[in-house]
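Q: Please examine one part of this structure closely, beginning with the local backbone. Then extend the account to other backbone features and to the charged side chains.

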Amino acid sequence: MTSPIRTELHDDVLVVISDNPPVNALGQAVRQGLKDAIEGALADDRVKAVVIRCDGRTFFAGADITEFGKPPQGPNLPETLDAMEASDKPVVAAIHGTALGGGCEVALACHYRVAVPSAKIGLPEVKLGLIPGAAGTQRLPRLVGAEAALPMVAIGNPIAAKKAQSIGLIDELVGEESLEADAIAFARSKIGQDVPRSSEGTANQDGVKNPDLFDEFRAKQGRKMRGFDAPNAAIEAVKAAGEMPYADGVKKERELFMKLMSGTQSAAMRHYFFAERAANKIDDVPADTEILPIKKVGIIGAGTMGGGIAMNFLSAGIAVTILEMKQDALDRGTSVMRKNYENTAKRGRMTGEQVEQAMGLLTPTLEYDDLADCDLVIEAVFENMDVKKEVFAKLDETVKQGAILASNTSYLDIDEIATATKRPGYVIGLHFFSPANIMKLLEVVRGAKTRGDVLATAMKLSKKIGKVAVVSGVCPGFIGNRMLSKRQEQANQLIMEGANYWDVDDVLLEFGFPMGPFQMGDLAGIDIGWHRDPTKVTTIREALCAVGRFGQKAGKGFYDYDEARQRTPSDEVKQIIADFAAREGSEQRDISKEEIKERLLYPMVNEGAKILDEGMAQRASDIDVVWINGYGWPLFTGGPMFWADTIGLSTVVEGLEKHGLEVSDYLRNKAEKGETFN
Ligand code: 3H9
């Protein structure tokens, strides 16, 4: 097998080049090639300096994640990098694309780093439930200080080259088109000088002088880190870089790294990494399917949903025509969008110019005819089949042939909607989640007649607008809401049987969700869809509405809220629930948190199994992607299906049986055979 590493001698500078598509992951052959190349350079008197660069779209994007969990094959990355750093001849990393994880560690082991301005550099291992394992946690703080290193190691977001230069991680920015030549010149300018080694740096003394740095960081980032093991290990490792000699710090890093690597969180998060990428692939639609050009998008409805959807396209530079029935609704919708953008600008995440650019791409209208030349129209009107069909019939008449007509429905039958048109092949569901400009998930609903190129276009477009897309078949509630309804059913049932509603919420919080179903109800508004007749009480929600407990906006719903929107369980609500249960003849008993957890989560797994069995999801991991991105299922468990695999499908089956709940044949069969979903 030919090595992915080759070398080219440019007079006295040896350029070591990696060509390991798609992302130059540091697999065994790359490590071996790098080690050999460095040893060769040291032994060759003609070579006075070394440049390391990559072919293709990026510098090394990290260790090869597919090797994790398999028997290690040498040379390992730490020893390869130690050999590099030990060189007395200057070694320069020439960075383009993304230098991530092990790739950033390669750069840190080099004596100098130059980068093109568009490059990004970072240590995203925490996003895989890990910390850097090739001395990144020890070299980085010694080079840039603990304060600058902490967010990079513990939060894991890559930083732009310019920022990296400002903290001392990059020595020089070079030309986008002249990376290699500039890096060679830079390397040549360092020949004959003592080489600086990151492992010998002293910037980490900032953490020694101000040891509160670490607790302050933890306090500030606590919410983002809740439930995750890796960020705390990352903080510990960076702290160790200030407290211990380098060799001991590296040992400490290794201990922490190995512990995380063998734990369930990292397995879950690595599962998710590949799950997100798999979700973008459609089994029977070839990857090279021709994509339909989408230059102009029409949106019907300028309410919260329509406006949010529109912002996705505007932010991605795609023109949007937004339609409403009445001028005041149209004006209100567009001004909300502008306000949202301006708030983002206030927080420094957009410039004023970008706000104007985005809003400049928006055309508000009251006329269907203005949608005629759109390539894609998404309707986000009232959830009613007759209304939707009317809209689609009108769109079919007005919008040019070959354009895609999409519905944002969250549960209606796309196939029935498609019957209102003469182009069912071009009809698709695009189910955005609220707030649509923020939530990552997009359920792409494939109708019976939806064409392959229409689907492929939707998937490609979703990536362009920064969404994580998952294909769902047509069934009530699709993947996400269909499973949610099973959880909600149990939540309602549990409080009728005597469980405290705050215990139900707390069980989910403790599991890692950002909030429970009753908090969620309060946030969304309990009066959504309420008939407004306080004398007609057939559900607990109606009973709450009848006494004006409409949710957070009213200061009270299931919970009482203080000024800071902190919730306190309400005796009044407890009584309302008890009275309602008595009226319905529902017996009350003490219900343990364990039972609550099992009854909330196991039926979801069972529904997931049915979704798979019916072919409504292509793969179990797609269901995980839906729940992690759309409903706050904790990433560190890998999603409902991976979590079920982790605890064992027979555990789930036994739990469902114990509580007298449905067990699908598909789940039972898998459990009996000792199989897993993933
Ligand atoms: C680490 O480095 C640990 C060390 O500290 C310790 C060592 C001792 N390995 O995302 P894309 C595949 S941990 C294997 O669609 P993009 C990916 O699955 C690692 N495969 O492209 C996909 O395959 P397919 C730290 C990888 O342009 C294809 O490449 N590094 C890896 O949208 C294209 O990927 C990270 O966490 C990998 N490391 O984004 C960075 N990376 O085509 C992880 C990608 O079959 N990677 N693949 O579906 C990324 O964040 C993005 O891939 C990147 C490109 C931004 C680089």
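A: Just after helix H18, Gly-466 adopts a positive phi of about 75°. This is a predicted model, in which local features need pLDDT of at least 70 and side-chain atom pairs count only at pLDDT 80 or more, while totals for chains, interfaces and linings use all residues. Residues are numbered from 1 along each chain as its sequence is written, and side-chain values use heavy atoms, with hydrogens and water left out.

H18 itself covers residues 452-464; helices (H or I, at least four residues) and strands (E, at least two) are DSSP runs numbered from the N terminus. The 13 residues of H18 should span 18 Å at 1.5 Å a residue, and the 19 Å between its end C-alpha atoms agrees with this; the expected span is 1.5 Å times one less than the number of residues. Among the buried residues of H18 are Val-454, Leu-455, Met-459 and Leu-461, where buried means under 20% relative accessible area, exposed over 50%, and partly exposed in between (1.4 Å probe, protein chains only).

Lys-460 of H18, by contrast, is exposed, with a relative accessible area of 55%. Together with Arg-57, Arg-277, Lys-281 and Lys-463, Lys-460 forms a positive surface patch. Patch members have over 30% relative accessible area and no salt bridge, with like charges joined within 9 Å and nonpolar side chains (Val, Leu, Ile, Met, Phe, Trp, Tyr) within 5 Å.

Two further positive phi values belong to residues other than glycine. Asp-11, with phi near 55°, lies in the loop between strand E1 (5-10) and E2 and is exposed at 65% relative accessibility. Phe-478, with phi near 50°, lies in the loop between strand E17 (468-472) and helix H19 (480-496), but is buried at 0% relative accessibility. Most residues other than glycine have a negative phi, and most peptide bonds are trans.

Two peptide bonds are cis. The bond from Pro-21 to Pro-22 has omega near 0°, and Pro-22 sits in the loop between strand E2 (13-18) and helix H1 (28-43). The bond from Ser-434 to Pro-435 has omega near -10°, with Pro-435 in the loop between strands E15 (427-432) and E16 (441-445).

The whole structure holds 47 salt bridges, each a side-chain nitrogen of Lys or Arg within 4 Å of a carboxyl oxygen of Asp or Glu. One of them joins Glu-614 and Arg-482 at 2.9 Å, N to O. Glu-614 lies in the loop between helices H24 (593-613) and H25 (620-630) and Arg-482 in H19, so the pair ties together parts that are 132 residues apart in sequence. Glu-614 is partly exposed at 41%, whereas Arg-482 is buried at 9%.

Within H24, Arg-599 and Glu-595 are four residues apart, about one helical turn, and their side chains meet in a salt bridge of 2.8 Å. Arg-599 is buried at 5%, and Glu-595 is buried at 14%. Finally, Arg-6, Glu-8, Arg-53, Asp-55 and Glu-180 are linked in a salt-bridge network.

Definitions and conventions. Areas by Shrake-Rupley, 256 points an atom, 1.4 Å probe, with all protein chains shown as cover. Lys, Arg positive; Asp, Glu negative; His and termini not counted. Charge placed at Lys NZ, Arg CZ, Asp CG, Glu CD.
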